[in-house]
Amino acid sequence: MLLCVHVPAFRLSVARRDDVRRLPHDRPAILVSFDKLRMTSRQARVVECDTAAHALGARPGQTVLQAAAATGGSAAVFVHDAARTRVVWHDMLDALDAVTPLVDDSGEGTAYLEMRGIEGGTEQWIERTHRALAGFELPVRVAAGSNKFVARACTYAPDGNIGALPLEVLELDPRAIERLHLLGVQRLEELAKLPHGPFVRRFGKAAADWHDRARGIDPTPFRPRAHELQIGASAYGEGSAEQEEQVYFALRVLAQRVCSDLSRAGKAARLVQMTFECENGDVQAVDARFAQATGDSRTMLDVMRAKLESLTFASPITGLRLQAMQLEECGALATLFGQNDADPQALAVALARLQAVTASPPHRARVRPSPRLEARYAYDAFAGVKASTALGHASMPQHDTGNTKQHVPQLRLLAVKEIDVRMRGNRPSTVDARKVLDCAGPWRVDDGWFALRETADDAHVVRDEYDVLLDDGMLCRIYRQGQHWYLRGAYD
């Protein structure tokens, strides 16, 4: 059994409730929204209208002038405040937690409550829901049903006879409703009597859902909303900060408050957001990310200070808010033999300071498959290092087994330059007049078939590469492309 909580024209109802004019509730009303930078008040569009305004001819999507002409100028006009409406709706959802912990948010103005296992019957549930939402002073409708559509339809049919409801309950396109009216179909019960197959063939695939809803069938699943935990602290109206030390002191106090709340909730934060409000009205938000989730105030302060080293503010700071985000369960697995692992928090502080100095995020190199040496390296943004969470990831101690250690030479890429190579048979004998003592190769490089290409307009590369040891001790990589030879790198 589901309960549907529905507020008709929710956004308009919120605007009407908050309006200081206190206009009579029986007066037709429309809700308009417009972009203050691009529209004039006459170009504003109607977002919602109440039943009285709808009966007079007002419709969503009309301009203010069109809606005023349709209602004869009798409709009251309210301006949509999206932020305010969103806050009111989320407060209502939080209030519904007192009725049941399982609440499905289906958009502003409509929510479904799963009542399985809740004590009482339908009448007690509805009364409890009205009592929980009474403080919002909105026209709340509550009804029960076997599925989402039936429950919502019953909010318009107190006697439970949803078949007598008009087709508008299905929220169809006005043109589809007009076509159905031409066929003499005015109510849900008349739609339900139509044969399913011919009806769907005439009106399309979407008509199958309309027919199911009219017969009380709705397979839409119940999706309970996730509960969000937000932890933050703020300091406003306590003077202004003009020196760095004042800002850092305020951050230290707020970080201690946030970490205290995190400890009580058993959580740790992977990200904190600092919001600064300045005397001149500027607002600046700065994110500080940690290598691993933490609830330690000292670690937070170190990373936040590193983030702020490159910032300047045009006027004194009058307000500061610190909010913990991306919360995780507290605690981390300890690793054995992890003495050689890098401290992830120290690394996060170093990266933040490096970014503050260079004004650009640090990057890390990685190797990727490619037939060409110059394409085997790529650089990605360095997002920090996670602590080892398993024995297999920990740094294991290295045991010296004597003189068996081998050093592998590393190839260092050089600027490509053309060289003079003499051949003896099919092997290089001299490179720029230096004798070749040993040679390995050739290795054919042909990237015509290879899937990873640097850019779409890369030329097709076909060449033969050699490693040669010269008489002066240099070990280098050379290659022949066409009739020319080039030096590509040297081994260190």
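Select Asp432, which is partly exposed, with a relative accessible area of 35%. The model on your screen is a predicted one. Asp432 sits in the loop between strand E16 (427-431) and strand E17. Now check its backbone: phi of Asp432 is near 55°, a positive value in a residue other than glycine. Most residues other than glycine have a negative phi, and most peptide bonds are trans.

Next, move along to strand E17, residues 434-446, and pick Pro442 within that strand. What is the peptide bond from Gly441 to Pro442, cis or trans? The bond is cis, with omega near 5°.

Now show the whole sheet. E17 belongs to an open sheet of 7 strands, whose order is E14-E20-E19-E18-E17-E16-E15 and whose pairing is antiparallel. Which strands are at the edges? Strand E14 (411-419) and strand E15 (421-424) are, and each of them pairs on one side only. On average, neighbouring strands in this sheet are turned by 30° against each other, direction ignored. Strands of a sheet pair through backbone hydrogen bonds, either parallel or antiparallel.

Highlight Glu465 and look across to E19, where Tyr479 stands opposite.

Leave the sheet and go to Glu137, in the loop between helix H5 (122-132) and strand E7 (141-145). Glu137 is not a glycine, yet has a positive phi of about 55°. Is Glu137 buried or exposed? With a relative accessible area of 63%, Glu137 is exposed; a residue counts as exposed over 50%.

The last stop is the largest pocket, which holds about 1900 Å³ of space. To find its centre, select His6, Pro8, Ala9, Arg152 and Tyr156, the closest to the centre among the 48 residues that line the pocket.

Which element gives the largest share of the lining? H1 does, with 6 residues. Finally, colour the lining by residue type: 22 residues are nonpolar, 9 are polar and 17 are charged.

Definitions and conventions
Residues numbered from 1 in each chain as written. Predicted model: local features only at pLDDT ≥ 70, side-chain atom pairs only at ≥ 80, totals over all residues. Heavy atoms only, no water. 1 Å grid on protein atoms, 1.4 Å probe; cavity = no way out; pocket = protein on both sides within 12 Å on 5 of 7 lines; lining within 4 Å. Points joined across faces, edges and corners; volume = space filled by probe spheres on them. Helix = DSSP H or I, 4+ residues; strand = E, 2+ residues; numbered from the N terminus. Nonpolar A, V, L, I, M, F, W, Y, C, P; charged D, E, K, R; others polar. Pairing = 2+ DSSP bridges. Axes fitted to C-alpha atoms, helices over the stretch in contact; angles between N-to-C directions. Buried < 20%, exposed > 50% of the residue type's maximum accessible area, 1.4 Å probe, protein only.
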